[in-house]
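Look at the model first.

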Amino acid sequence: MHTKKTRQAMIDQNVSLDLMHFVETSILPKYNDFGKSHGLVHVQRVIKNSLELARKTGADMNMVYAIAAYHDIGMSGPRAIHHITGGKIMAADLRLKRWFSKDQLRVMREAIEDHRASAAHAPRSIYGKIVAEADRDLEPESVFRRTVQFGIEHYPEKSREQHWERFREHMQSKYSAQGYITLWIPNSPNQQRLKHIRDIIAEPQLLRKEFEKYFDEETAKASASSNNDNNPT
């Protein structure tokens, strides 16, 4: 489920092998049902980012790994409360008692509940801050592409101009200098990435150029996939 390189990195960072096997076989496959914007590629990236931050902060690697793996599992229900649903799913998974104490599981549940970017309060622990920061995934290409992907997946009836308006409004409300996104780990790599995104948002022509690029790429992929489905070999 993880690439060989990613798996070796987790071994090097002392993630339990049996916990890793459990997550790879029982948890990560569920993300295949969540679409491109919150799917398997996304959760693998959050796991990678979380472990890098854990190494810098001295947090428990197994806890960080499991939190990242479960952080969007609540997307099986309504997106608006996926962080709450995800916390409940993790807390109800008795299999995790093999690796974690009751107190650890409480902290892990709180971290999942606190990870959402629009949360009104700061995460209650370093574990919540780590997964919230890792979930930001502020590589500019990823931010722009995932926003376009989400729009295409959830609003297929919208025109190109309507998708652009949704994209622009989302960028302004979340990622701009006035947006609600908050970074919780000082001097993390995300600070420079967010500055780059904000510089693009501040130039409407540049932002429109990014939208057009990823909208064309994603609609072309969707069209090719549809043609393949309609013309099986």
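A: Start with handedness: a crossing is left-handed if the near helix is turned anticlockwise from the far one by less than a right angle, and right-handed if clockwise. Helices are DSSP runs of H or I, at least four residues, numbered from the N terminus. This is a predicted model: local features need pLDDT of at least 70, side-chain atom pairs count only at pLDDT 80 or more, and totals for chains, interfaces and linings use all residues. Residues are numbered from 1 along each chain as its sequence is written, and side-chain values use heavy atoms, without hydrogens and water.

Q: In which hand does helix 8 pass helix 9?

A: The crossing is right-handed.

Q: How do I describe two packed helices?

A: Give the angle between their axes and the distance between the axes. Axes are lines fitted to C-alpha atoms, over the stretch in contact for helices, and angles run from 0 to 180 degrees between N-to-C directions. Here, helix 8 (residues 140-154) and helix 9 (residues 160-175) have axes that come within 10 Å and cross at roughly 130°.

Q: Which residues meet there?

A: Contact means heavy atoms within 4.5 Å. Among them, Val-143 and Phe-144 in helix 8 meet residues of helix 9 including His-163 and Phe-167.

Q: Which rings form a cluster?

A: Rings of Phe, Tyr and Trp (its six-membered ring) pair if their centres lie within 6.5 Å; planes under 30 degrees apart are stacked, over 60 edge-to-face, the rest tilted. Ring pairs join Phe-144, Trp-164, Phe-167, Phe-211 and Phe-215.

Q: How many aromatic pairs are there?

A: The count is 7. In one, Phe-211 and Phe-215 have ring centres 5.2 Å apart and planes at 25°, so they are stacked.

Notes: Helix = DSSP H or I, 4+ residues; strand = E, 2+ residues; numbered from the N terminus.
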